Structure formats: C-alpha cells, structure tokens
Amino acid sequence: MIRLRRAAACREPGADSWALGQTLCPALLSPPLALRACAEAVLVPRVSINFIRVGTELFTHGDDFEIAAAHVLANRLLEPARVRIDIAAELGIPLAEAGDFPWIESAEHARELRDTFGLGSEAIDVFWVKTWAGPTIGRGPIFGRCPDHELGASGCVIALEAVIDGTAQVLAHEIGHYLGLLHDDSSSNLMYESVPNGGRLTPEQGASLRRHCTVEWTCA
C-alpha cells in the first residue's frame, strides 16, 4: 500500500491509489490487485551510488570518460530489470591519502580500501582504481548492507580497463552482486563469472534485484 500511495503522489498529490488507477491504468483495475502493477508502471526502482576515484591525480580525461560512459551503458544493461543507477556524489581520494590503494593487489586489499574509506551513507560506494593485479577487475559483496543496518560489507571496487563495454559490464555485474545476485552458469548472462558476457538478466533476476533494501522506488 505504501508503494501505491507513493505512485499516487507522483501524479496527483493527495490522490488515493484507486484514483490513480482510474486515471492512469483503467485496463488494470480488474482484478484490484493489478493496482500494484499500475504503481510499478509509474514508479522507477533506483539505486544511488557514490563514484569515488582512488588517487584523484592519476585519473585522466580518458578515465573520466570511461567512467561516465560505463555508467550510461550499465544502466542500459539493467534496463530489462527496470533498475536504474543514479549517481549521488562524485568524490576523490588524493594520492597523499590513498597510499597504495590505487593499485589493488588482492581481494583483501580491496576490502581494506572499502573499510578505510567507505562513507557509510545510504548510497553504494563504488571505488574506481587504476589497476588490479591478476585477472580480477572488480569485487563487491553479495547482498550488500542495507542503508539502516550497521552490519555487512558495503561498496564495490572496480579497476579501469580502458575498454568501456567491459567496464560497464563489471559495474552492472558488481551492482548485481550487491543487490543479491549470485553467479550464473550461462555465458549469455550478466552474472556469468567473467566478462565479456552476453549481458542478459532473467525476469527472476530482475525481480530479485528490485527486492533489495537499497532499491528506492521514486517518481519516474
């Protein structure tokens, strides 16, 4: 019911959910439970993220373009799941403070970065680093911390690879992990263990993403 009221407020402040249905979704009024589908057609499930460049001085204009383009393409990959990634803040950690974190050596090193510089806000921290030793490109927790919960890992770490499509897949893949998705055995799936892959998500995966506590339903 909360989601229905929120959808009604998007279109007509003070309107109730039934009035919303009559105005926007008359074909869905039978059965009444279809009002929820009407609300979800009006609302957009969004995830807020903080982009944090680790070792600010190291990032070139090309790197900035890669990050911006990866954000756009990651949203296209998540579009079938009806989940949108919004940037809450773009921040930087200067080299004097970043130490050796711009060059990640291991998963433990990445966790140390998250623990040291995580903002603890409602948005998901995405740390951009210059390199990651070995075949790994990114790492994030599976089912990351909820905004109102102190326990659990928070944030993802992603290395720039100078391949925009690959960087976009890694970003969408790690956000998928944060929102609770496991690896998938199909190479056509976005959650396949390596990139590049087919970038697809199943309806079931999309529904799972939208249920995570970090997802906020807001006006379109």
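**Strand β1 and its surroundings**

Strand β1 runs parallel to strand β2 (residues 84–93), and nine bridges join the two; strands are DSSP runs of E of at least two residues, helices are runs of H or I of at least four, and both are numbered from the N terminus. Strands count as paired if DSSP finds at least two bridges between them. The model is predicted, so that local features need pLDDT of at least 70 and side-chain atom pairs count only at pLDDT 80 or more, whereas totals for chains, interfaces and linings use all residues. Residues are numbered from 1 along each chain as its sequence is written, and side-chain values use heavy atoms, with hydrogens and water left out.

β1 also pairs with strand β4 (residues 124–129) in the parallel sense, over five bridges. I52 stands opposite L91 in β2 and opposite F127 in β4. With strand β8 (residues 216–219), β1 pairs in the antiparallel sense over four bridges, and P45 stands opposite W217 of β8. Ten of the twelve residues of β1 (residues 43–54) are buried, so the strand is largely enclosed by the rest of the structure; buried means under 20% relative accessible area with a 1.4 Å probe, protein chains only.

Helix α4 (residues 61–78) forms a right-handed β-α-β unit with β1 and β2; right-handed denotes a clockwise path from the first strand over the helix to the second, with the strands pointing away from the viewer. Buried residues of α4 include D63, E66, I67 and L78. The buried residues of this helix pack against β1, β2, β4, α7 (164–178) and α8 (203–211), contact being heavy atoms within 4.5 Å.

Key
Buried < 20%, exposed > 50% of the residue type's maximum accessible area, 1.4 Å probe, protein only.
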